[in-house]
Amino acid sequence: MGDLNLVTLAVIVVNVLVSFKGFSDKAFFNKFKFNVADIKSGSKFQIATSGFLHVDTGHLFVNMLTLYFFANVVIYAMGAPAFLIIYVGSLLLGNLLSYYFHKDDLNYTAVGASGAVMGILYSAILLQPDMTLGLFFVIPIPAYVFGIGYLFYTIYGMKRRSDNIGHDAHFGGATGGYFLTMMLAPWVFESHLLMVILLAIPIVILFLLQRTGYI
């Protein structure tokens, strides 16, 4: 946290410009949002472009505010190129996981940078697991506790499918941030091995639930 890095600013600006274009241009929004039917018909670009669209200004604000809070942790620890790799990789993995779970639902649509932002958030947690987050911006909670708890909540949401939250993209994005950080900064194995193991538990559980047909 601290000063707004130029790379973070660039990502936020792109999100704002694309999102506001989508707010005012329904045809643009529909062309570039995540739509299972369109993707199956050949519009594979939606897997990437939908990550820069948002439903409304509130949705956009929350995602960009979260990105602002945690981007510098990743940038200062790993550099701007690694930050961009994690951001884009998490976006793609989040939407690919959504496609995997919803590929038979031709009416499924989604937008938002949540997968990418969750990837940055989980990268930051892995890099600085001792930092404290503010639950509901008020209640202090260790970062790793939040990370593990949120992934379990996401698994629950994926199982129930009773709301409009893209739990699949959140989980995929967080997983992307987790694995990409370990690939780009292998020193975390030595520095934060316990956290690496603990944060892997929900990922393993999701894999087992999926393999056994519970999700």
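Is Y214 buried or exposed?

Modeller: First, the ground rules. This is a predicted model, in which local features need pLDDT of at least 70 and side-chain atom pairs count only at pLDDT 80 or more, while totals for chains, interfaces and linings use all residues. Residues are numbered from 1 along each chain as its sequence is written, and side-chain values use heavy atoms, with hydrogens and water left out.

Y214 counts as exposed because its relative accessibility is 53%. The cut-offs are under 20% relative accessible area for buried and over 50% for exposed, with partly exposed in between (1.4 Å probe, protein chains only). Y214 is placed in the segment after helix 11, which spans 193–211. Helices here are DSSP runs of H or I with at least four residues, numbered from the N terminus. If neighbours within four places in sequence are set aside, Y214 is in contact (heavy atoms within 4.5 Å) with K159 and L209.

K21 is partly exposed, since its relative accessible area is 39%. The side chain of K21 forms a salt bridge with that of D25, at 3.1 Å from N to O. D25 is partly exposed too, because its relative accessibility is 22%. Side chains of opposite charge can pair when their charged atoms come close. The rule for a salt bridge asks for a side-chain nitrogen of Lys or Arg within 4 Å of a carboxyl oxygen of Asp or Glu, and by this rule the count is one.

L17 belongs to helix 1, which runs over residues 6–24. L17 counts as exposed because its relative accessibility is 59%.

Apart from neighbours within four places in sequence, L84 has contacts with V7 and V11. L84 and I120 are 36 residues apart in sequence, and their C-alpha atoms are 9.4 Å apart in space.

S123 lies in helix 7, residues 114–127, and is buried because its relative accessible area is 0%. Not counting residues up to four places away in sequence, S123 touches V74, M78, I86, G177 and T181. G177 is placed in helix 9, and it is buried because its relative accessible area is 0%. With neighbours within four places left aside, the contacts of G177 are I86, S90, G119 and S123.

Notes. Helices (H or I, at least four residues) and strands (E, at least two) are DSSP runs, numbered from the N terminus.
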